[in-house]
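The questions below go through the model shown here, one chain feature at a time. Each answer ends on the value or name asked for.

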Amino acid sequence: MNFEEHAGKALLAAAGIAIPEGRLATSADAAARAAAELGAVVIKAQVPIGKRGKAGGVRTADSPTAARARAAQILGMEIGGHRVERVLVEQRFDIARELYAAVLNDPACKSPLVLFSTLGGMDIEEVAAKQPDAVRRTPVDIRAGFDEDAARALIRGLALGDAEPRSATLLAQLYHAYRANDAELLEINPLSLTDDGELVALDCKFVMDDSGAQRRPELAAQGVSDAATELERRGRNLGLRFIELDGEVGVLANGAGLTMTTLDVIARHGGRAANFLEIGGDAYVKGKPALELVLANPRVKSLLINFCGAIARTDVMMEGVVAAWEALRPEVPAFFTVHGTGEDEAIQMLRERLGIEPYDALDNAVQAAVEAAR
Amino acid sequence: MIVRGTDRVLVQGITGRQASFWTERMQAYGTRVIGGVNPKKAGTTHCNVPVYGSAREAMEARRFEASVIIVPPLAVCAAALDAIEAGAQKLVVLTEHTPVQDVMVLLAAARDNGARVVGPNTAGLVTPGECFVGFMPAFNERIFRPGQIGVISRSGSLGTLACLYLLRAGLGQSAFIGIGGDPILGTTMRDALVELDRDERTDGVLLVGEIGGVTEEDAAEYAADMKKPVVAFIAGGASPPGKRMGHAGAIVMGTSGSYASKRAALERAGVNVLGTPSDVGTAMAEALK
């Protein structure tokens, strides 16, 4: 789950890391008022993606009038598919150096990874590719944690001067914030070393582990939903993993792997899927609302139902599908392929109640569905 | 991470609805379930086996080698630590949505104690004709039969379909290893591939991967030097980038985790990567000639 910059910065501040003084503004007037209080400011679009600067979403202003004009330009912009609803108006700093600090979940080490670099302000992957020596990294034994001593060992020899002890303190604080908030990634880039020798987090990227959200509901409520469309919001409210796509073949399958494969095989036969929707895992009892959701998309011209039951019992899923079908009586042609746990009962139900014969082979069912959608 | 009929198995969370359904099927198939855990129902009997208050208590009463964990996501870490401290050698974590930081804690403990973890978010392990653990239709003879092909899959449903297509080409399975759909896994695709490469009953390996992470790329490095043929299907080539496709681990960020990267790495290693799971059986039969 992604968060906007201001939400991530609040977590940093709570851990003792300095952030610029700032105000959230949803209007140009509010931005002007904030600038009147703060002086020279930077105005930043609050959308949960990087490269906001390149898109014109980050501008400086030296007066309330200028702040009003800049905010008016930024508010309402569309950046990476996100409409800018608010800006962060922040006190501007004189920067001596830009550093980089982050903690993230690393699948290779199967542990947290702490990163630090003296080359901040740039994409860290690019820095790491060009100057591997400029990026320090260390895996952490998550049971032992990461303290200032460990941080000092990581950054030793980076010619940080007086900023070295402060950097070590900051890294330990950052690690604490990462642990306390179920972060998947907590990144400060740039981390500014000011003329006064202070370390200030000028930007913050916080991505929360979706599975950690269940124990931090208040924080999770501040996250940016990835449900972008009305149907996706409806799916989320039903507890279904629904992603709207731009094709014509409606898809209902079980399990992430099988559903992705269904989209792949549709593409292989020249068709385009209208959605991703899987009812595997604990969702296999939701066949009825799931099918209703697929059919609520007016672009759907044919329907492909692909079940291969492991944990998800195909007889239970089919019961839901048949119930939705009998309630909605849709006009779109439907093509089924059913295998695995409960298949005999599921296929019998399909024949008796809907009078439909399933396809045995996945590719044949897909071909028929793609053909029918043309 | 191959399960054997000789393995004695504990089911942590045995009294749950799903756990009960699948424990009965495991027992019927021949898996040696020696007991279960539910601290609130210790001392009772469930699925004809004793329920203990903890894995430690279970180990004191009756030895076991493997523990299957089917408890709520926020209880997974404590359950796994309990099993590791009790001395379990294999942990199979079926639960989905375990917080990743909890997973890292339990994996660190497992590493220190020499325990092997499969999952989290795995559908389980099958050794056809012998035993299975997890949520797998091992008992469906149109899908699983004893044979010579080792199957490694991130997905339960797709792995099951792949086994069906193997069987239609006349190929049974030596072992099915579900590694799980989470971003951080106890057993990687490479770990499983190494084990199947060493397994005497396995003559060829089918990899069933998906977008996200680098476990397929990592496995490809090992596959390059294998004598046994390896065939693969990777799901998610048609999925949009930046979206989490059902599994927590199935997401393409930038170029990392992309279908193209996985396919290229596997093909460089001499692995036949197929465009549809329907072809896995015929391609494997061809590769074994």
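Helices (H or I, at least four residues) and strands (E, at least two) are DSSP runs, numbered from the N terminus. This is a predicted model, in which local features need pLDDT of at least 70 and side-chain atom pairs count only at pLDDT 80 or more, while totals for chains, interfaces and linings use all residues. Residues are numbered from 1 along each chain as its sequence is written, chains are lettered from A and ligands numbered from 1 in the order in which they are written, and side-chain values use heavy atoms, with hydrogens and water left out.

Q: In which strand of chain A does A:Pro190 lie?
A: The peptide bond between A:Asn189 and A:Pro190 is cis, with omega about 10 degrees. A:Pro190 belongs to a strand of chain A that covers residues 183-194, namely E10.

Q: Which two elements of chain B flank the loop that holds B:Pro120?
A: B:Gly119 and B:Pro120 are joined by a cis peptide bond with omega of about 10 degrees. The loop with B:Pro120 runs between strand E7 (116-118) and strand E8 (124-127) of chain B.

Q: Is A:Lys110 buried or exposed?
A: A:Lys110 is not a glycine, although its phi is positive at about 55 degrees. It is placed in the loop between strand E7 (95-106) and strand E8 (111-117) of chain A. Buried means under 20% relative accessible area, exposed over 50% and partly exposed in between (1.4 Å probe, protein chains only). With a relative accessible area of 14%, A:Lys110 is therefore buried.

Q: What is the relative accessibility of B:His97?
A: B:His97 also has a positive phi, about 75 degrees, and is not a glycine. Its loop lies between strand E6 (90-93) and helix H4 (100-113) of chain B. B:His97 counts as partly exposed because its relative accessibility is 37%.

Q: Which residues is A:Asn297 in contact with, leaving aside its neighbours within four places in sequence?
A: A:Asn297 sits in the loop between helix H10 (287-295) and strand E16 (302-309) of chain A. Contact means heavy atoms within 4.5 Å. Leaving aside neighbours within four places in sequence, the contacts of A:Asn297 are A:Leu231, A:Glu244 and A:Ala274.

Q: How far apart are the C-alpha atoms of A:Glu125 and A:Val135?
A: A:Glu125 is part of helix H4 (residues 124-130) of chain A. A:Glu125 counts as exposed, at 61% relative accessibility. A:Val135 is ten residues from A:Glu125 along the chain, and their C-alpha atoms are separated by 9.5 Å.

Q: What share of the residues in chain B is buried?
A: The C-alpha trace of chain B spans about 55 × 40 × 30 Å along its principal axes. Of the contacts in chain B with a separation of 6 or more, 74% come from residues 24 or more positions apart. Among the 289 residues of chain B, the buried share is 66%.
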